[in-house]
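Dear colleague,

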Amino acid sequence: MSSPAETYSRIAALPLEIEGYRLERLEAPVTRNLTRVTTLVGLAGSAEEGLGEDVTWYAEAHERELAAGPIRPLSGSWTLESFSSALEIEEPHKRWAYESAALDLALRQAGRSFASAVGRTPQPVSFVVSPGLGDPPSAEPLRRRLELYPELRFKLDPSSSWTDELVQELAATRTVEIVDFKAFYTDQNPAPPDVALYRRVAEGFASAWLEDPALTDETAEVLRPHRERITWDAPIHSVADVESLPFAPLTLNVKASRFGFLRELLDFYDYCAGHMIELYGGGMFELGPGRGQIQHLASLYHPEAPNDVAPGGYNEREPRAGLPTSPLPAPAGEPGFR
């Protein structure tokens, strides 16, 4: 059983030399008619570059950071721990971009892989895909993808427009691993939870994980027979968040960028291992190095889980042939965190 901070202690003292850094805007159209914008962060030093990705959701936040330019006082000699302590960034997704870039750079400068640094062996990574179902929703997006990739599995976001017939049609594919109620995204779900939808989904997908439901008196009663399948994502930023859940979970969705601090993330992995909590990985429509980093974490901590870390081609608005299939090969043991 791992003790708190055990994994972090393996890397906290890694030396880190930074001579400067750069920012680069990344943009791509993705499913659900979104144009995703992220920011690549590159920390340079000792003829190496460490990369991270700021996956803050709103494009205007990236525009502000890029307009300001590389003005943060990051140059100097650090350890990973002292760099983190000096980094004055409160927003978790932005902080994670710099902390993950620093980890990548420190490992490259030391000539070490992340796997060897934390004492784990990478494994092939299973993944699911999370397409939108259109408006009005239909099973057609799943069918088009299954025609190309018959073994594909999915994570879906139910809405009140899902009918009994649609749920039955989706469930009949036997490919839905996770349904995400997104109850903690209040800008997307300002209304009270749809109790009929919760019942329809929980009963219709008899073996799928039920992620981020709103637990009111009514929904808690509907979900009571399915409680062992309830899992959480958006509320989880630290070990403290796990301990404050209404009941102990069997599994959780881990998104590294939500934690901000590398230490918080690694302490979370240690805690879940010690408390027999299973994990699966999640993403934020990463466009650059962040995608490889969440796949790398999945390969080390939860490779066989329904990880929502599919290669970027699966986030394109229309499916196409020739994409890597699940499971992805285990990462090579080269230096860095990519």
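**What was found**

Of the 338 residues of the protein, 53% count as buried, where buried means under 20% relative accessible area, exposed over 50% and partly exposed in between, with a 1.4 Å probe and protein chains only. Please keep in mind that this is a predicted model, in which local features need pLDDT of at least 70 and side-chain atom pairs count only at pLDDT 80 or more, while totals for chains, interfaces and linings use all residues. Residues are numbered from 1 along each chain as its sequence is written, and side-chain values use heavy atoms, with hydrogens and water left out.

The protein has 13 helices and eleven strands, these being DSSP runs numbered from the N terminus (helices H or I of at least four residues, strands E of at least two). Its radius of gyration is 20 Å, close to the 20 Å that the globule rule gives for 338 residues, so the protein is as compact as a globular protein of that length; the radius is taken over C-alpha atoms, and the rule is 2.2 Å times the number of residues to the power 0.38. Along the principal axes, the C-alpha atoms fill a box of roughly 60 × 40 × 35 Å.

One part to look at is an open sheet of three strands, in the order β2-β3-β4 and with antiparallel pairing, where two strands pair if DSSP finds at least two bridges between them. The edge strands, each pairing on one side only, are β2 (20–30) and β4 (48–54), and the twist averages 25° from one strand to the next. Eleven bridges join β2 to β3 (residues 34–45), and these two strands run antiparallel, with Ala-28 standing opposite Arg-36 in β3. Helix α4 (residues 92–110) packs on the sheet, touching β2, β3 and β4, and its direction makes about 160° with that of β4. Contact here means heavy atoms within 4.5 Å, and axes are lines fitted to C-alpha atoms, for helices over the stretch in contact, with angles running from 0 to 180 degrees between N-to-C directions. Helix α13 (residues 289–301) also packs on the sheet, touching β3 and β4, with its direction at about 90° to that of β4.

Finally, helix α6 (residues 140–148) has as its buried residues Pro-141, Leu-142, Arg-145 and Leu-146. Seen down the axis of α6, they fall within an arc of 130°, so they line one face of the helix, the arc being that of the directions from the helix axis to the C-beta atoms. What covers them includes β6 (154–156), α7 (164–172) and β7 (176–180).
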